Amino acid sequence: MSQRTIPADFVRRAAALAASGGFDMSTPLAAAGITLPMLRDENARLTADQLTLFTQAAWQLTGDELFGLGAAPVPRGTFKLVCLSLIHTPDLGSALERMADVMRALPGPPQLRIRTGESTTRLQVMIPRRDEALPAATADAADRLLTDFELILLHRFAAWLVGRRVKLISVEVPYPAPDPSLARNYDVIFGVKVTFGADMAALEFDNGVMRAPIIQTEETLEDYLRESPNLLFSERDYDSTASAQVRKVLESGVKGRTSTADDIAEMLSISVPHLRRLLRQEGTSLNQLREEVLRDAAISGLGRGESVDDLSARLGFSEPSAFRRAFKRWTGETPGAYR
């Protein structure tokens with residue numbers, strides 16, 4: 001199965017902000033095999049392994065789990081401490097309440113506020129006030145990146161705690177929408193259309209999921225933290241969406257990638273029109289998912305050192321030149337330049 005890839009935008013912004021704080025980010029970038037031309041390319045994509053290697057090296061370099069993005073440094077081990085405080089709570093709602101309580105005692109991380117309504121619960125994220133001496137543009141960029149990181153962390157960690165998909169009702173962020181191509185990535189990351197320009201950052205859950213029992217233990221937490229933040233980047237929410245199920249079929253091999261709409265609908269025990277309708281509601285299509293699977297497989301294969309000829313044959317292209325044209329369409333670069 002190919003690894004999903006992630007836009008390089010997160011690393012681009014994190015590296016620039018850390019460098020503005022006086023950290024030489026060449027070592028974390030080199031550890032992850034990320035070059036400066038890749039960071040400059042708006043179409044560049046990275047694997048979850050690359051993001052994990054970069055983040056781990058940045059943690060080691062800065063000694064800060066938020067690598068300089070927070071209002072104050074967050075010492076290594078802080079997230080583990082927070083996790084240990086909530087791992088024995090009975091359900092997700094209790095775990096998030098405990099997390100909010102613990103984080104109020106910490107100076108660096110964002111603070112959480114939980115608002116429970118009749119049918120939904122809103123988890124609001126508030127960024128602590130920063131040193132006013134920091135240039136406004138730098139502070140704004142850091143707040144934006146920290147907000148993104150915190151919302152992704154909360155959503156995916158919640159799904160890991162209960163061991164199943166945690167569907168979001170809405171996601172709101174307090175800054176303007178980025179370039180349309182990057183804005184769409186937010187929708188893919190969270191599985192729901194993201195609202196930009198809101199009053200504050202917030203995730204909204206159905207109250208039913210707040211009663212989901214915590215299935216993880218201190219032992220599984222150790223494994224989770226050992227791989228951190230790989231699961232944060234590679235697993236969204238234990239997907240059970242139509243697009244996730246279709247993607248799994250397409251990732252299953254060459255036959256999977258060439259499966260027709262009839263084949264996939266039969267595997268999912270639904271009609272083709274219903275399949276297309278579900279994908280349309282999730283903002284995607286069978287052709288788009290097929291392209292994404294091929295793109296991610298190509299990027300992962302190049303990263304492992306596969307030749308263009310081998311990749312072209314493995315991914316079902318008629319000839320290497322067709323693969324090269326497709327790769328240029330996906331990434332804006334030739335396979336050789338990307339490698």
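E3 and E4 form a hairpin with 3 residues between them. Keep in mind that this is a predicted model.

Q: What makes E3 and E4 count as paired strands?
A: Pairing takes at least two bridges. Strand E3 (residues 111-116) and E4 are joined by 6 bridges and run antiparallel, so they count as paired. Within this pair, Arg113 stands opposite Gln124 in E4.

Q: How do you know that E4 pairs with strand E7 as well?
A: The cut-off is again at least two bridges, and 6 bridges join E4 to E7 (residues 201-206), also antiparallel. Here Arg122 stands opposite Glu204 in E7.

Q: Why is strand E4 called largely enclosed?
A: Look at its residues, 120-126: 5 of the 7 are buried, so the rest of the structure largely encloses the strand.

Q: Why is Glu292 called buried?
A: Buried means under 20% relative accessible area. Glu292 has 15% relative accessibility, so it counts as buried. You'll find Glu292 in helix H16 (residues 286-303). Setting aside neighbours within four places in sequence, Glu292 is in contact with Arg184 and Arg247.

Q: What makes Phe157, Leu161 and Phe190 stand out in the largest nonpolar core?
A: Among its 46 residues, those three touch the most other members. Helix H7 (residues 136-162) gives this core its largest share, 10 residues. There's also a second, separate core of 44 residues, with Leu29, Leu39, Trp59 and Leu146 among them.

Technical notes: Residues numbered from 1 in each chain as written. Predicted model: local features only at pLDDT ≥ 70, side-chain atom pairs only at ≥ 80, totals over all residues. Heavy atoms only, no water. Buried < 20%, exposed > 50% of the residue type's maximum accessible area, 1.4 Å probe, protein only. Helix = DSSP H or I, 4+ residues; strand = E, 2+ residues; numbered from the N terminus. Contact = heavy atoms within 4.5 Å. Core = buried A, V, L, I, M, F, W, Y, C linked by side-chain atoms within 4.5 Å.
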